[in-house]
Amino acid sequence: MAAGEPGPSGGYDFRFLPQKSFPSLSSPEIVSRLRQWSMLGRIAARAFGFDQTFQAHRRDEFLMDFFKDPNVIPNLKLLSDSSGQWITLGTEVKTIEAINVPCTQLSMSFFNRLYDEDIVRHSGHIVKCLDSFYDPFLIADELRKVLLMEDSEKYEVFSQPEREEFLFCLFKHFCLGGTLCQYEDVLNPYLETTKLIYKDLDSAGMCYPSTKNHEQTFSYFIVDPIKRHVHVLYHSYGVGEMS
């Protein structure tokens, strides 16, 4: 059998890569930030290898094989909605809904417009605004208005295609945080965390990532077709670890 050809079943086979680490998620500075943003203990990354050439048009088949693979099932953890404990999937995946997330934006200069549009002052401080709510988020500054409120006068600072970029999605997730998120007064911690974790990753009803839909509950599959690795970044919205 030539390299890259499907196995006898025609599907993908996976293997867990426990030796692959994501140092950004365990660095003291990032851990401290995730705790402040109520995401600590609720966000995780895992790496898996696969056995044949990744083909974008077989995306749904790739993911269905992934969720059914015996090497994936015991190693892909998610948080229980009832107990809050890390568990395995525990149910058969019958349908897949996957969205292609573009990765064309690679530079943090992508966010320079936040300074140009007076959403963030040149000192790095985020411009405050009168408190309002965009359920379940408190809107206390111009940054969160740009991220969430479509009727904001500066919402169009980022176009819809730009908002779909992986770099933007990561940035937005960290800015919004978990249930008890303590927002930053300055922009840099969000930018730095986004950059470090992006770099790490680049190197029934609904059952995953949760039975409950929420903008801040997410799972990204970052596929490296050359190395034949897939990195999984997972977060479940809720109250993160406080200590």
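Analyst: Start with one term. A cavity is a set of grid points where a 1.4 Å probe fits but cannot get out. Keep in mind that this is a predicted model.

User: How much space lies in the second largest cavity, and which residues line it?

Analyst: General idea first. Rolling a probe the size of a water molecule over the atoms shows where empty space is left. Here, the second largest cavity holds about 30 Å³ of space. Its lining consists of Phe66, Phe67, Val72, Ile73, Leu76 and Leu89. By class, that is six nonpolar residues, no polar and no charged ones.

User: What is the volume of the second largest pocket, and which residues are closest to its centre?

Analyst: A pocket, unlike a cavity, is an open set of points. The second largest pocket has a volume of about 200 Å³. It is lined by 15 residues, and those closest to its centre are Leu25, Ile43, Ala44, Ala45 and Arg46. Strand β2 gives the largest share of this lining, five residues. The classes are twelve nonpolar, one polar and two charged.

User: Now the sheet. In what order do its four strands lie?

Analyst: Strands of a sheet pair through backbone hydrogen bonds, either parallel or antiparallel. In this open sheet the order is β1-β2-β8-β7, with antiparallel pairing. At the edges sit β1 (14-16) and β7 (218-224), each pairing on one side only. On average, neighbouring strands are turned by 25° against each other, direction ignored.

User: How many bridges join β2 to β8?

Analyst: Seven bridges join β2 (residues 43-50) to β8 (residues 229-235). To find one in the model, take Ala47: its bridge partner in β8 is His231. On the sheet packs helix α8 (residues 188-202), which touches β2, β7 and β8. The direction of α8 makes about 145° with that of β8.

User: And how many bridges join β7 to β8?

Analyst: Seven bridges, again with the two strands antiparallel. Asp224 has His229 as its bridge partner in β8. The hairpin of β7 and β8 has four residues between the strands. In that hairpin, Arg228 takes a positive phi near 60°.

User: On to helices. Which residues of α3 are buried, and what do they pack against?

Analyst: An α-helix has 3.6 residues a turn, so residues three or four places apart point the same way. In α3 (residues 59-68), the buried residues are Phe62, Leu63, Met64, Phe66 and Phe67. They pack against β1, β2, β7 and β8. Phe66 and Phe67 also belong to the lining of the second largest cavity.

User: How many residues of α7 are buried?

Analyst: Eleven of eleven, in a helix that covers residues 166-176. Among them are Phe166, Lys172, His173 and Leu176. After α7 comes Gly177, with a positive phi near 65°.

User: Is Ile197 buried or exposed, and what does it touch?

Analyst: Ile197 has a relative accessible area of 1%, so it counts as buried; the cut-off is under 20%. Its place is in helix α8. Leaving aside residues up to four places away in sequence, Ile197 touches Ser24, Leu25, Ile30, Phe174 and Leu233. Leu25 is also one of the residues closest to the centre of the second largest pocket. By contrast, the C-alpha atoms of Ile197 and Lys154 are separated by 27 Å. Those two residues are 43 apart along the chain.

Conventions. Residues are numbered from 1 along each chain as its sequence is written. This is a predicted model: local features need pLDDT of at least 70, side-chain atom pairs count only at pLDDT 80 or more; totals for chains, interfaces and linings use all residues. Side-chain values use heavy atoms; hydrogens and water are left out. Two strands pair if DSSP finds at least two bridges between them. Axes are lines fitted to C-alpha atoms, for helices over the stretch in contact, and angles run from 0 to 180 degrees between N-to-C directions. Contact means heavy atoms within 4.5 Å. Buried means under 20% relative accessible area, exposed over 50%, partly exposed in between (1.4 Å probe, protein chains only). On a 1 Å grid over the protein atoms alone, a cavity is a set of points where a 1.4 Å probe fits but cannot get out, and a pocket is an open set with protein on both sides within 12 Å along at least five of seven lines; lining residues have an atom within 4 Å of a point. Grid points are joined across faces, edges and corners, and a volume is the space filled by probe spheres set on the points. Ala, Val, Leu, Ile, Met, Phe, Trp, Tyr, Cys and Pro count as nonpolar, Asp, Glu, Lys and Arg as charged, and the others, Gly among them, as polar.
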